[in-house]
Amino acid sequence: MIPTDIPPPLDVDPARRIFGLETEFGLHLDSADSRAVTPEEVAGHLFHSVVQWGRSSNVFLPNASRLYIDVGAHPEYATAECDSLTDLIAMDKAGERIVQDLVAGGEERLRAAGVDGQIHLYKNNTDSAGNSYGCHENYLVRRRADFKAFASALLPFLVTRQIVTGAGCITRTPQGAHYSFSPRADHMWEGLSSATTRSRPMINTRDEPHANAELYRRMHVIVGDSTMAEPTTLLKMGATDLVLRIMEARAVLPELTLAREMQAIRDVAHDLTGQATVELADGRRLTAVEVQQTYIDLVRSHLGGVIERTAEVDAILDLWQRGVDAVRTQDLSGVETELDWAIKYRLITRYQERLGCALDDARLARLELAFHDVSPERGLVAKLQAQGLVKRIVPEEAIVRAMTTAPETTRARLRGAFVTRALESGHDFTVDWVHLKIAGSSGTTVLLKDPFRSEDARVDALLDALAQS
Ligand SMILES: Nc1ncnc2c1ncn2[C@@H]1O[C@H](COP(=O)(O)OP(=O)(O)OP(=O)(O)O)[C@@H](O)[C@H]1O
Ligand SMILES: [Mg+2]
């Protein structure tokens, strides 16, 4: 057993947390035109309208989220700061629609440039050329001297959670194709690192809290898969939050340090039975099912103590347990409307049976892509949701609202109001996660170091200034 050494909370309610999700979308132009169009050109056309109103392809939106073109011509949407998982899911789903809403304009621009074609945006993590792009989770945690050790203690959980929160994928190898839990697992290079370009860690330890640096760190988890089904996103973020809460409360953790994380994450990903064992630093071998069950039991043992029991906590624990049971029993019926990897696996195996083809058949690859297509017409998850075959967590109205409106209970509310008002009044402005400023004004930059604070007289003054000038 290893104690986790956390300083006692200062002035912040320890049960409150800021969450954020960053999604890089795969961008593909489907066109019969022989003229080569680079991905950068397609992204440029897609973002034309954004550049027109925002004067940049890197903007903060009226809903306080960030939208930009990331390296490799990937559109990226980073949700505004949320302090509830339902707000986060609504913000995340709103992002799919915000990027999809750019498609018609992008296709029109392409036509004007002489290229007929359909732009596809995929919320997935790998393209056909073998490139990987991410879905990054952000959890605000209290600053501590031993942050690296603290982050390391999360790795056994992160390595094995893919058996419930993975997106699932067809993996093609020279020996043939098989189904795996996670498309991202094969692209991880190390456990922790502060660099993202030269290495691909599971947790990025770059010290950039976007908040008061004396109090906080941002736990930047970059090992996760992009998730389509709302319950999968709830479980991915919710289970991680629960484990972090226990770690932050100085509770004693079970000793699960892995001997070789990179080997373990790959072994777990490629064994759909959940029975492949991973080696622990102390020489024991456990299955991913056993490791995840240990975390579920740990969380249960803290219910009513460190973890306040709420309907949401119960829902997370219930889905988590059903997910682990599904792998253990190899009966997916208990989760096949909620967990991405199981939903997709059912689709693929049924279609494969119907076609009588091998798993590496191109038609199954297209089906897999359609699962991640964010288009309401082409996307399979939208269709399955409409048929009640994929469960939802947040009401439709909440997603529609989140497309234009920031979360009410965090700093995002201030940014959202500022961006909305500045755009309405035609003022230039500069904004990032912690700063707000009217461009060219002599007024000072407003620095918002507390991400929990949703009211601020200085921002009210800025809004007044926008209304007057
Ligand atoms: N104090 C905070 N704690 C936790 N998450 C935060 C905090 N402030 C902002 N976030 C979230 O962190 C994410 C930052 O997204 P962004 O894409 O700008 O990431 P980055 O890691 O700063 O930069 P990049 O992607 O360019 O490397 C957003 O989802 C945002 O909501
Ligand atoms: Mg980012």
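Reader: At which residues does UniProt place the feature "binding site" together with Trp433?

Author: The unreviewed UniProt entry gives the feature "binding site" at Arg66, Thr79 and Trp433, in a record whose annotations may be inferred rather than shown by experiment. Although these residues are spread over 368 residues of sequence, they cluster in space, with a largest C-alpha distance of 10.8 Å. The model is a predicted one, in which local features need pLDDT of at least 70 and side-chain atom pairs count only at pLDDT 80 or more, while totals for chains, interfaces and linings use all residues. Residues are numbered from 1 along each chain as its sequence is written, and chains are lettered from A and ligands numbered from 1 in the order in which they are written.

Reader: Why is threonine 79 called buried?

Author: A residue is buried if 20 or more other C-beta atoms, placed from the backbone, lie within 10 Å of its own, exposed if 12 or fewer do, and partly exposed in between. Threonine 79 has 27 C-beta neighbours inside 10 Å and therefore counts as buried. Threonine 79 lies in the loop between E6 and helix H3 (85-100), where helices (H or I, at least four residues) and strands (E, at least two) are DSSP runs numbered from the N terminus. Leaving aside neighbours within four places in sequence, its contacts (C-beta atoms within 7 Å) include Gly20, Leu21 and Asp92.

Reader: What makes tryptophan 433 count as buried?

Author: Tryptophan 433 has 21 C-beta neighbours inside 10 Å, so it counts as buried. Tryptophan 433 is placed in the loop between strand E17 (429-431) and strand E18 (435-438).

Reader: How do you know that Glu22, Tyr68 and Glu76, where UniProt also places "binding site", gather at one spot?

Author: UniProt, again in an unreviewed entry, places "binding site" at Glu22, Tyr68 and Glu76. These residues span 55 residues in sequence, yet no two of their C-alpha atoms are more than 10.8 Å apart, so they gather at one spot.

Reader: Are tyrosine 68 and glutamate 76 buried or exposed?

Author: Tyrosine 68, in strand E5 (residues 66-70), has 17 other C-beta atoms within 10 Å and is therefore partly exposed. Glutamate 76, in strand E6 (residues 74-78), has 21 C-beta neighbours inside 10 Å and so counts as buried. With residues up to four places away in sequence not counted, glutamate 76 touches Glu22, Thr23, Glu24, Tyr68 and Asp70.

Reader: Which residues come nearest to ligand 1?

Author: Of the 19 residues around ligand 1, Gly20, Ala78, Asn138, Leu140 and His210 come nearest, and a residue is near a molecule if its C-beta atom, placed from the backbone, lies within 6 Å of it. Strand E2 (19-24), strand E8 (135-142) and strand E13 (216-221) are the elements that give two or more residues to this shell, and the largest share, 3 residues, comes from E2.

Reader: Into which domains is the protein chain divided?

Author: An automatic or database assignment sets the bounds, with domain 1 at 2-401 and domain 2 at 411-468. Their centres, taken over C-alpha atoms, are separated by 31 Å, and 16 residues of domain 1 are in contact with 14 residues of domain 2.

Terms used
Two residues are in contact if their C-beta atoms, placed from the backbone, lie within 7 Å.
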